[in-house]
Amino acid sequence: MKLSKFRYCGFRRVAAAAPHVRVADVNFNVDRIIEIIDSSFSDFCSLLVFPELSVTGYTCADLFLHSFLIENAERGIRRLCRHTDPALNPGHESIRRLHNLLLAVGAPVKVGNKLYNCAVFIRGGRILAIVPKTFIPNYGEFYERRWFESASGMENCLISYAGESSVPFGPHILVAHDGLTIGAEICEDLWTPIPPSSWLAMSGADVIVNLSASNAVLGKQRYRRDLILQQSARCRCAYIYASAGAGESSTDLAFPGFTAIAENGAMLSESDIFPEQDSISGQKDFDKKQIDITENIPTAFADIDAGRLQYERVRFNTFTDIVNRDSMPDVIIVGHSTGYHEFEDRNIKKQEDYDITPITGMLHPTPFVPSDLSHRNENCTEIINIQCHGLLQRLNAIGRPKMIIGVSGGLDSTLALLVAVRTAKMAGMDPSEVIGITMPGLATTNRTHNNAWQLMSLLGCTAIEIPIGDAVAQHFNDINQDPQKFDATYENSQARERTQILMDYANKVGGIVVGTGDLSELALGWCTYNGDHMSMYAVNTSVPKTLVKYLVEWFALKEKNDDIKKVLLDIIDTPISPELVPAKEGKDEIVQKTEDLVGPYELHDFFLYHTLRNSFEPAKIYHLAEEAFDGRYDSATILHWLKTFYRRFFNQQFKRSCLPDGPKVGSVCLSPRGDWRMPSDASSAMWQKQLEEIEKDFKN
């Protein structure tokens with residue numbers, strides 16, 4: 001992805017590193033920080049975070065009381081400012097990094113007669129802000145109050161430091177940089193009941209950095225990691241954590257070195273604790289030869305999307321609800337937004353000439369389906385339980401009636417049938433109280449018909465076959481429809497005839513019709529209005545198509561009956577089709593393949609996820625899809641089906657406005673009573689126009 005597209009999509013690369021230190025050797029420590037700044041590890045980074053007291057080392061103990069160490073720490077900060085000042089380094093090979101890079105470095109800072117444990121923000125040769133630690137631990141192995149003052153109750157002020165006057169100093173400061181708003185807390189701050197980051201996030205910070213020096217104790221790593229994830233989730237923020245490691249004194253403690261980047265409850269990148277030889281965390285997409293300086297150093301980097309985080313805060317409208325707003329501290333914002341576009345140099349390439357490999361979970365081509373097998377199986381188990389318990393509750397509420405399902409031999413009806421049989425067993429009902437009806441029509445193939453019949457029989461359902469050919473032919477005659485005209489009337493008449501049979505049979509036996517349609521079909525409107533989109537309870541209504549086959553596979557892998565397993569696996573391998581248009585005479589094959597008509601479901605599910613879950617604009621989804629499906633679909637194909645997606649998504653809302661009840665199983669749902677409320681006559685013009693602009697650029 002070109003850097004310009006990367007930034008247009010809202011991504012910012014952030015990083016954390018825990019370099020080797022020598023306790024109380026400021027020059028050595030600053031050298032190590034500079035080496036990381038100058039290495040390709042920091043390439044394209046907007047923000048680079050180092051550990052607590054990284055300029056001096058955390059374990060200096062009573063040496064912190066020596067003015068000589070504190071003065072040298074100040075000189076070390078000044079040296080970092082000079083090194084990162086583009087004006088002072090016009091020939092520096094990494095001048096492009098220096099211009100856009102914000103550093104967060106740990107140092108002891110003396111203000112008046114008090115010493116503070118601080119995060120120092122440096123950009124472009126200037127100190128933007130200094131944030132002191134609020135909660136000073138003085139228990140167990142920690143006795144920081146011996147040296148450092150707390151920032152609790154402190155008002156923001158201006159100080160002179162490292163050759164600069166009027167440096168903002170205080171605990172309630174945010175730094176605006178490169179489209180990000182950044183707040184800082186230091187180590188123990190995270191472990192308190194109300195961390196400073198909670199207030200900072202509510203005041204506008206979408207990124208929190210934590211400069212830490214957290215020692216290793218049995219069981220502590222898991223708890224520490226959970227704290228990072230939970231705080232990033234509660235604050236709807238990116239949380240960048242860098243903890244001290246190699247070189248810190250081992251007199252009484254061991255410091256493992258740990259870096260991590262979480263975003264809204266998800267871990268994007270993290271290092272191992274006590275990294276092994278040649279271990280580089282988070283560097284999978286980088287050439288290891290180019291980043292030798294970070295070998296054996298705990299490092300993490302990730303691409304975060306501040307725009308998505310802001311959307312999350314708007315969507316969860318309780319984010320800024322507090323009981324007493326007067327209790328919030330007054331926060332100031334320093335710095336300004338900067339970007340590569342503000343800097344040009346004739347000796348370096350312009351930004352559009354740089355390629356960058358995004359390393360974000362948003363580039364997963366199947367966002368509904370985890371790539372990790374154990375995670376996927378765990379998700380499948382939970383989803384099936386939600387489906388079954390939702391259906392069970394409905395059955396219990398209406399007297400446990402029989403369940404009627406139209407079984408076609410395709411994936412969706414197979415999943416619904418499996419869920420119904422499992423639910424019947426949970427309810428103490430016999431599987432025979434699940435009535436499967438196969439309704440061969442004008443284009444049904446032997447493969448799907450046989451699979452439907454075998455599956456119903458093997459599962460112990462009551463299996464019924466009701467052909468629809470004669471009824472549809474009579475209907476064609478009644479409405480004067482040419483039976484050789486394979487149009488929407490031809491197709492929808494079959495779907496509505498099947499629904500009529502199911503509804504009427506349910507009335508006959510006092511049962512309910514269990515719907516089979518899935519989330520992807522509803523998004524595209526690939527269902528017949530008042531036909532297969534209607535039922536008394538729809539168990540698949542929020543299951544996307546890309547996930548349906550894995551849920552059926554979950555059943556197959558757990559199935560002990562080899563015959564059932566064989567049928568399920570064959571259904572998984574069957575092309576997706578409504579089987580409404582017949583093959584040529586004498587042929588028994590599926591000719592109407594859904595994905596040939598509406599597009600690949602993996603693309604549409606990708607579009608759907610980022611449209612609903614992240615509220616991304618069309619251009620951003622297009623660029624993300626280019627990366628996610630690189631080598632599988634070309635740009636023109638992606639653009640074509642994205643235009644189709646928006647057209648159908650908007651035009652087919654009327655079908656979603658009257659959906660039957662069904663359980664929500666994931667974060668994306670189209671229920672008109674819950675997650676998605678949209679006028680049926682909304683215009684897609686703005687969305688399509690943006691894609692047309694992309695198409696013009698593409699053709700040019």
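## Salt bridges, a helix pair and a sheet

At 27% relative accessibility, E270 is classed as partly exposed, the class between buried (under 20% relative accessible area) and exposed (over 50%), with a 1.4 Å probe and protein chains only. The model is predicted: local features need pLDDT of at least 70, side-chain atom pairs count only at pLDDT 80 or more, and totals for chains, interfaces and linings use all residues. Residues are numbered from 1 along each chain as its sequence is written, and side-chain values use heavy atoms, with hydrogens and water left out.

E270 forms a salt bridge with R225, that is, a side-chain nitrogen of Lys or Arg lies within 4 Å of a carboxyl oxygen of Asp or Glu. This pair links distant parts of the chain, with R225 in helix α6 (residues 220-234) and E270 in strand β13 (residues 266-270), 45 residues apart. Helices (H or I, at least four residues) and strands (E, at least two) are DSSP runs, numbered from the N terminus. R225 is also partly exposed, at 27%.

The structure holds 25 salt bridges, including these:

| Pair | N to O distance |
|---|---|
| R225 and E270 | 2.6 Å |
| R315 and E312 | 3.6 Å |
| R447 and D570 | 3.1 Å |

R315 and E312 are 3 residues apart in helix α7 (residues 306-315), so about one helical turn separates them. E312 is buried, with a relative accessible area of 0%, whereas R315 is partly exposed at 33%. Elsewhere, a network of salt bridges links D412, D518, E521 and K545.

Helices α10 (residues 446-459) and α15 (residues 562-573) pack at an angle of about 145 degrees, with their axes 10 Å apart. Axes are lines fitted to C-alpha atoms, for helices over the stretch in contact, and angles run from 0 to 180 degrees between N-to-C directions.

An open sheet is formed by 5 strands in the order β18-β17-β16-β19-β20, with parallel pairing; strands pair if DSSP finds at least two bridges between them. β18 (462-465) and β20 (537-538) stand at the edges, each with a single partner strand, so one side of each has no neighbour in the sheet. Strand β19 (residues 512-515) pairs with β20 over 2 bridges, and G515 stands opposite A538 in β20.
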